[in-house]
Amino acid sequence: MLILRSLTRGARHGYGIAQHLKKISEDVLDVGESSLYPALQRLLLNGWVTAEWGASENNRRARYYKLTTAGRKQLAAENREFDRMIVAIQKVMSCA
Amino acid sequence: MRLIRRILYFLRRRRQAAELAEEMEFHRQMLEQESGDPHAANRRMGPAMLASEDARGVWLPLRFDSVLQDLRVGFRMLRRSPSFSILAILCLTLGIGANAAVFSWIEGILFRPYPLVAHQERLLAVTGTARGEAGHTDTSWPDLLDLQKSCTLIDSFIVNKIMGTTLSLGDRAERTIGSIVSANYFDAIGVHPILGRGFEPGEDTGRNAHPVTVISYQLWQSRFKRDPAIIGKTQRLNGIEHTIVGVAPEGFLGTFVGWGMQFWVPASMEETFEGGGYKLEDRGARWIEAYVRLKPGVTLEQAQQEMSAVAKRLEIDFPATNRGRGIKLWPLWQTPFNNAGTLLPTLGIMLAVVVFVLLIACANVGNLLLVRSFARRHEMTVRVAVGADRSRLLQQLVVEGLILSALAATGGLLVAHWCRHALVLLFPARAGVAMYLPGEIDLRVLALSAGVCLISTLLLGLVPAIQTRKIDLASALKSEMSGVVGGGHGKSWIRSGLVVVQVSLSFLLLVGAGLLTQSLKRVRSASPGFSTQGVLFTAVDLRSAGYDPQRAKNFQDDLLERIQALLGVESAAFARGTPLSYGNFSSSPIAVDGYQPPPDEQPTVQYNEVGPGYFATVGIPLLSGREFTVADNEAAAPVTVVNDVMAAQYWRGDDPVGKRLQVKGQWRQIVGVAKVSKYQSVRENPKPFFYVPLRQDFSVGAGLNIRTRMPAETIAAALAHEVHALDANLAPYEVITLQEQMDRSTSPQRVAVTLLGVLGGLALLLATVGLYGVMSYTVSQNARELGLRMALGAGASNLLRLVMSHGLTLTAAGVVLGAAAALASTRLLGNLLYKVSPRDPLAFGSALIVMTIAAAAACFVPAWRATRTDPARILRD
């Protein structure tokens with residue numbers, strides 16, 4: 001979900017996604033290779049993102065991932081589910 | 001969608017992997033740049049190999065690439081220990097080969113028995129039934145025509161009746177078999193003659209109206225030298241010139257399981273070949289073996305319902321001939337009137353037996369793998385230690401099992417291919433009859449064999465897998481270092497268990513083989529009710545030679561006179577039917593004074609037409625009255641002799657001599673009562689039967705029985721001379737003893753015994769090898785303990801006893817299990833057993849003895865080796 005979210009503002013490469021997550025979460029979320037790349041492959045397999053080779057900021061070859069329509073739908077669905085869960089968890093935490 | 005993406009990924013997996021690697025490398029370099037520390041990336045990202053393997057694993061959960069890798073490793077392992085590989089593959093080849101061979105026989109004999117015949121899956125056999133009688137009867141031509149008219153679910157009715165003739169071409173005369181068929185025969189079964197035509201509609205009507213024949217490819221090739229202008233030429237068959245109208249394609253052998261047909265004639269020529277009068281208009285004459293082809297989508301049950309309804313109507317319309325008569329459909333593999341029926345129980349048992357053999361082979365190979373997996377323990381432990389997934393190890397073991405079983409399956413199919421025609425060899429040869437019982441290796445057999453291969457793979461992979469599941473890292477690494485194989489208890493339990501399974505299965509097979517051998521012995525020594533020794537049987541084919549009844553009678557009289565003058569001949573008599581042969585006896589509806597048959601039932605009894613002195617010649621005792629004499633001829637009053645079973649059934653034990661019996665509408669006086677004997681099968685129950693004088697119901701095709709103390713060869717030569725002297729164009733058939741005749745009729749039992757004997761021996765061998773393997777392994781593993789015992793003063797005999805008792809305990813456990821299984825299952829041998837209890841103590845006892853001897857031999861060598869342990873060396877090591 002986080003990866004999909006980070007792609008909503010346009011295509012990024014793997015490193016870019018990791019950096020983005022790290023920056024936004026203020027260093028709380030430090031995603032390593034071992035979870036990032038399997039996750040990306042899973043997204044590709046489900047057709048939620050597509051990948052394309054392009055030039056990076058420093059002019060090197062990098063694979064850019066882009067959200068597909070299916071990916072956007074999935075993100076919206078996961079968002080709703082996430083909100084529901086958060087609300088539920090908060091309710092439990094506040095009254096227990 | 002996901003599947004398509006997966007496949008696309010698989011097709012480009014190399015490029016995809018390279019791209020992933022490049023991408024991750026880029027990631028690493030960026031991290032390095034950012035932090036300026038070359039190791040930061042490794043610290044933060046973990047082992048790159050694992051990460052990229054995980055990422056690739058998303059796409060291909062089955063890990064095709066790793067499977068390929070395992071295949072390579074597996075082959076390397078096999079090459080490294082060739083003796084293990086050869087032994088394992090050999091065991092499995094025998095197991096899978098035996099299965100494939102039996103599959104191919106079942107396919108070729110029971111399910112797809114007729115080469116070149118289209119849509120055999122919709123072909124069913126048709127017979128009649130008679131109320132109050134078990135089994136089946138043949139069918140009559142008018143009944144079949146009516147069924148054909150009324151049944152809507154049937155595509156076509158195919159009439160097929162096997163018969164034989166003597167085919168003479170030039171100076172060679174040979175026995176040949178052919179079929180009387182309906183005119184639609186070739187069209188209905190989808191076989192198109194390569195030369196000429198099949199039969200035309202209407203050629204199966206009219207008495208002897210269409211003397212045409214289609215010959216087999218083989219006959220065309222061997223007898224007619226592939227004459228391209230054969231069509232239109234004539235061939236004398238049973239004294240009548242037949243025009244050859246077609247040549248069947250190569251490989252087409254007709255529709256009779258077991259025997260290849262050489263020629264076909266239309267049903268209109270039935271009288272020429274069958275004898276017993278013109279039967280196409282006689283509803284009561286049941287002589288036809290028929291098939292039907294169902295319309296697509298129709299089930300046997302639906303067709304049977306429709307047929308039974310029509311048969312019911314025929315019962316009402318024609319009570320005189322059809323009262324109590326039904327029609328029954330059979331799947332091809334149950335066809336009761338050819339060798340499918342006789343081989344069905346044998347093949348069924350064989351199927352079970354080869355599955356056992358396969359299990360034993362798998363257990364053996366499993367044990368071998370287990371031994372090897374100890375050697376590979378280190379490898380596995382290290383792999384687990386560096387982070388290998390257990391499922392990944394399991395995968396490798398399964399792949400290795402697959403290599404073994406795939407190689408063995410290939411070998412097994414070769415074995416099956418070689419054994420294709422092996423069944424025929426088990427049947428006794430008969431002059432002039434080409435037995436044909438082919439195995440058929442088609443897609444279904446291949447698929448089944450692949451399934452067997454797959455199952456054995458799983459079984460094989462499972463055994464060492466149970467073991468890897470138990471790898472306990474710390475202790476395994478430790479024990480590896482100390483050089484002692486620890487934790488042996490769990491594994492030796494598996495190994496012992498496998499041996500017990502092998503022993504019990506082979507014990508079961510030995511018991512089965514023992515029972516069948518006993519049964520065969522009983523069958524062979526059973527008294528058939530006539531003399532088997534000192535009576536010879538032969539025939540002279542007068543019908544093929546075109547003799548009319550009067551000429552045949554003269555010939556028979558002359559020949560009898562000459563034979564009885566031969567040295568050593570006591571008596572001789574002609575008879576139409578021979579006991580225990582394929583040819584049917586005549587049968588007739590009967591009526592008896594004072595006997596009221598149950599309603600809806602028309603008592604029908606089989607009978608034989610026999611010449612004067614027949615009973616004395618073949619040795620059937622007469623209980624009262626007299627035997628037929630020369631005086632019982634055409635001019636004399638009609639007489640008959642009944643057997644004692646018939647007397648008891650219809651005259652309730654009174655002596656029927658002097659009473660009368662109606663046969664074919666004619667009253668005959670009973671002049672004698674004969675003791676019951678075996679008529680069609682040694683294993684039949686005593687049944688009513690009667691005899692009429694040959695002269696009063698004459699048949700040109702009668703066989704000759706000779707009572708003599710001379711050997712068959714001597715009589716054969718003398719007989720050939722006498723026959724030749726009477727008619728230079730005639731030659732007698734082979735001369736055989738009635739014992740030989742009986743042996744031929746029991747060949748299905750002998751086939752079962754031979755096959756089960758071979759497979760039981762195979763199983764015993766495999767089990768012995770397995771036991772031997774386990775015992776030698778135990779001895780080598782316990783060398784230290786044995787050495788210690790020796791050092792402490794144990795003698796060679798103590799050690800011998802120790803090891804032997806271990807092995808024999810395993811054997812005993814196997815025997816107990818096997819005996820229990822045998823007690824529960826030998827009943828299934830059912831009708832293959834003749835006068836032998838399925839719990840026959842002799843069979844169990846001899847199986848026990850054989851098993852014990854084999855086990856003792858298997859244990860003795862390792863035990864003896866144990867006594868040769870050098871305690872000094874063992875303790876030093």
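What is the mean pLDDT of chain A, and what share of its residues reach 70 or more? This is a predicted model, and for chain A the mean comes out at 81, with 99% of the residues reaching 70 or more. Looking element by element within chain A, helix 4 (residues 69–95) of chain A has the highest mean pLDDT, 86. At the other end sits helix 1 (residues 2–6) of chain A, with the lowest mean, 77.

| Helix pair | Axes come within | Crossing angle |
|---|---|---|
| helix 20 (residues 549–564) of chain B and helix 23 (residues 712–726) of chain B | 10 Å | roughly 140 degrees |
| helix 25 of chain B and helix 28 (residues 841–867) of chain B | 9 Å | roughly 25 degrees |

Take helix 20 and helix 23 of chain B, whose axes cross at roughly 140 degrees. That angle makes helix 20 of chain B oblique to helix 23 of chain B. The crossing of helix 20 of chain B and helix 23 of chain B is right-handed. On the helix 20 side of chain B you'll find B:F555, B:D558, B:L559, B:R562 and B:I563, and they meet B:L719, B:E722, B:V723 and B:L726 in helix 23 of chain B. Sorted by class, the residues of this contact between helix 20 and helix 23 of chain B are six nonpolar and three charged, with no polar ones.

How do helix 25 and helix 28 of chain B lie, roughly parallel or roughly antiparallel? With their axes crossing at roughly 25 degrees, helix 25 of chain B is roughly parallel to helix 28 of chain B. The crossing of helix 25 of chain B and helix 28 of chain B is right-handed. Helix 25 of chain B brings B:L764, B:T768, B:L771, B:Y772, B:M775, B:S776 and B:V779 to the contact, while the residues from helix 28 of chain B include B:V850, B:A854, B:C859 and B:R865. The class count for helix 25 with helix 28 of chain B is 13 nonpolar, two polar and one charged.

Helix 25 (residues 747–781) of chain B also holds B:L765. B:L765 counts as partly exposed because 15 other C-beta atoms lie within 10 Å. From B:L765 to B:P201 is 59 Å, C-alpha to C-alpha, and 564 residues in sequence.

Last stop: B:Q29, in helix 2 (residues 13–35) of chain B. B:Q29 has 14 C-beta neighbours inside 10 Å, so B:Q29 is partly exposed. B:Q29 and B:G760 are 731 residues apart in sequence, and their C-alpha atoms are 69 Å apart in space.

Conventions. Residues numbered from 1 in each chain as written. Chains lettered and ligands numbered in written order. Predicted model: local features only at pLDDT ≥ 70, side-chain atom pairs only at ≥ 80, totals over all residues. Axes fitted to C-alpha atoms, helices over the stretch in contact; angles between N-to-C directions. Helix = DSSP H or I, 4+ residues; strand = E, 2+ residues; numbered from the N terminus. Parallel < 35°, antiparallel > 145°, perpendicular 65-115°, else oblique. Left-handed = near helix turned anticlockwise from the far one by under 90°. Contact = placed C-beta atoms within 7 Å. Nonpolar A, V, L, I, M, F, W, Y, C, P; charged D, E, K, R; others polar. pLDDT = per-residue confidence, 0-100. Buried ≥ 20, exposed ≤ 12 C-beta atoms within 10 Å, placed from the backbone.
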